[in-house]
Amino acid sequence: MTIVRSRFAPSPTGYMHVGGVRTALFSWLLARQAGTDGTFILRIEDTDKVREVEGSIVQIENSLRWLGIEWDEGIDKGGPDAPYLQSERLTIYKEWAQKLIDSGRAYADPYTSEEVEAFRQLAKDEKRPFLYRDHRPENPPVWDGTQPLRFKSDPKPYKWTDAVMGELSTGPDAIDDFILVKGDGYPTYNFCHIVDDAIMGITHVLRSQEFIASTPKFLNLYDALEVTPPTLATLPYVMAIDGKKKLGKRDGAKDILEYGNEGYLPEAMANFLATLGWNDGTEQEIFTIDELLEKFSLDRVQKSPARFDEQRLLWLNGQHIRLLSLDDLYIRSLSFWSKNALEAGEARQKQVLELVKDRLKTLADIPTITDYFFEEPTPNWSMIEGNKQLVALGKEGILPLLQQAKVALSESDYTPEALQETLNGLLETTGQKPGILFSLIRLAVSWAPFSPALNDTLAVLGKETVINRLEVSINAL
RNA sequence: GGUCUCAUCGUCUAACGGUUAGGACACCAGGUUUUCAUCCUGGCAAUCGGAGUUCGAUUCUCCGUGAGAUCACCA
């Protein structure tokens, strides 16, 4: 079995969105599969200096690390095939380009871009496909590095096996004389990724579906370079939720780091992305990172595109929050608490966290769901009005109930068990239904639309606070 | 237009050619002696169409249809 060397090779043109991150994740999972000793490489493809966005590299690294993806070789780590920044490898590409020139498989492009554009337009007008090779010059000039260098292709049909898509094939029209080195001296992706993958000993190339059409060109170049192509694996698109387009920045694809700010857990995101186009064949839905590492395989990756369904991500996030230990959850929750909560201290926050843990969908829910534990709520009569049963009682019905509750609760112990007994006793002495009595007490101490179980809530609030709030609420009537 | 890919509930998906086509999200209805966004139970809901191969097609073949991609001195 071959030892996997896989890579993720983004260009530094901005933030990372879910589509790109998923490709990285799958590549990483493949290399780090349990029981294998593969290597995962991060290579930065910065050969388009026009589209480069400053700070992208750091952002890419942060995005991968946020998800838990760590690489073995990269620009910050070095490695046997350093440098890992393509703009620092220009002499290598020049050597390989020279090899192609020497073997007659590359030539200087004598045309201006306007002339090429005119050829293209002509083909379009005549409704036939444009192929540069139809205009291949008979006596190309010697390449001086200022003209584009083109690949002299050898058009023919190709059949190949894709690890995800299966058998693929194309006719000779898919192959043309593409540019290897641009007029500015930088190589194109089409050329340098093949050179780098060969030098770096990459065994598996995972990429998104848009590259399927250019794969025959790559195969033709591999032939010309006498290099054996790596295993190719084409991942289906991640589509925008309307299902019409592949997800892209222009269609509102968010920066992956945004999800962290919005209270999503990286392991939930990893679970979500992994199961967007992959499943293990069982009915398991929740996967930890370790389980993904153990179970992931390319042959169970879906061929058809999948939509990005945030509802499912939200559900998964809630599931993963529940999987966290209290200590772990606390550490991750730190940037989400309100100021009052932070002042209340770690012990208090953990106590509250324990109570609301099962109700959280995202960490960003924490402030709205825990406010009343850390600050005095304002009595809000409209919340009573929102409850049909309570409204029916009227103020004159509510007042004695609250007063009785205050007496009983001021005499109770404040463990959840004791409080439950007290509350049950209260049901008997007042002769009220729990739906009325408990709703009323809950509102009077929290004035929140929802809260955990009443006895637990009271226990965490403590006697003094409970009695105070009951009094405030009574007076507000 | 050329080239290529894909096609099961609304969504993500399962089903060595033989299943009442399964699960999950979402939604709806009940339940858990308070609320509820947790939890439990139940419900709704799908094989794009047409031929062919076969005793038998979601599954194999072909033809349609639909969707998407690509055809850059971008990656």
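In this predicted model, the surface near RNA strand B draws at least two residues from each of several elements, namely helix H4 (113-125), strand E6 (166-170), strand E11 (306-307), helix H10 (310-323), helix H14 and helix H18 (434-446). Of these elements, H18 supplies the largest share of that surface, with five residues.

**The surface near RNA strand B**

- There are 71 residues around RNA strand B, and the ones that come nearest are Glu45, Gly183, Ser304, Phe438 and Ala453.
- When the residues of this surface are sorted by class, 23 are nonpolar, 25 are polar and 23 are charged.

**Two domains in chain A**

- The domain assignment divides out domain 1, which covers residues 256-374, and domain 2, which covers residues 381-476.
- The centres of domain 1 and domain 2, taken over C-alpha atoms, are separated by 33 Å, and the contact takes seven residues from domain 1 and seven residues from domain 2.
- On the side of domain 1 that touches domain 2, the elements giving two or more residues are helix H13 (346-356) and helix H14 (366-374), and H13 gives the most, with four residues.
- The residues on that side of domain 1 comprise five nonpolar, one polar and one charged.

**Helices H8 and H10**

- Two packed helices are described by the angle between their axes and the distance between the axes.
- For helix H8 (residues 266-274) and H10, the axes come within 9 Å and cross at roughly 135 degrees, so H8 and H10 are oblique to each other.
- The crossing of H8 and H10 is right-handed, and the residues that make the contact are Glu267, Ala268, Asn271 and Phe272 of H8, together with Arg312, Leu313, Leu316, Asn317 and His320 of H10.
- By class, the contact of H8 with H10 has four nonpolar, three polar and two charged residues.

**Helices H16 and H18**

- Helix H16 (residues 388-411) packs against H18 at an angle of about 70 degrees, and their axes are 10 Å apart, which means that H16 is roughly perpendicular to H18.
- In this contact, Gln389, Leu390, Leu393, Ile398, Leu401, Leu402 and Ala405 of H16 meet Gly435, Ile436, Leu437, Ser439, Leu440, Ile441 and Ala444 of H18.
- The residues of the contact of H16 with H18 divide into eleven nonpolar and three polar, with no charged residues.

**Two details of the backbone**

- Most residues other than glycine have a negative phi, and most peptide bonds are trans.
- The peptide bond from Ala82 to Pro83, however, is cis, with omega near 0 degrees, and Pro83 is found in the loop between helix H2 (56-67) and helix H3 (90-102).
- Glu226, a residue other than glycine, has a positive phi, near 60 degrees, and Glu226 is found in the loop between helix H6 (215-225) and strand E9 (231-235).

Note on methods:
Residues are numbered from 1 along each chain as its sequence is written. Chains are lettered from A and ligands numbered from 1 in the order in which they are written. This is a predicted model: local features need pLDDT of at least 70, side-chain atom pairs count only at pLDDT 80 or more; totals for chains, interfaces and linings use all residues. Domain bounds come from an automatic or database domain assignment. Two residues are in contact if their C-beta atoms, placed from the backbone, lie within 7 Å. Ala, Val, Leu, Ile, Met, Phe, Trp, Tyr, Cys and Pro count as nonpolar, Asp, Glu, Lys and Arg as charged, and the others, Gly among them, as polar. A residue is near a molecule or strand if its C-beta atom, placed from the backbone, lies within 6 Å of it. Axes are lines fitted to C-alpha atoms, for helices over the stretch in contact, and angles run from 0 to 180 degrees between N-to-C directions. Angles under 35 degrees count as roughly parallel, over 145 as roughly antiparallel, 65 to 115 as roughly perpendicular and the rest as oblique. A crossing is left-handed if the near helix is turned anticlockwise from the far one by less than a right angle, and right-handed if clockwise.
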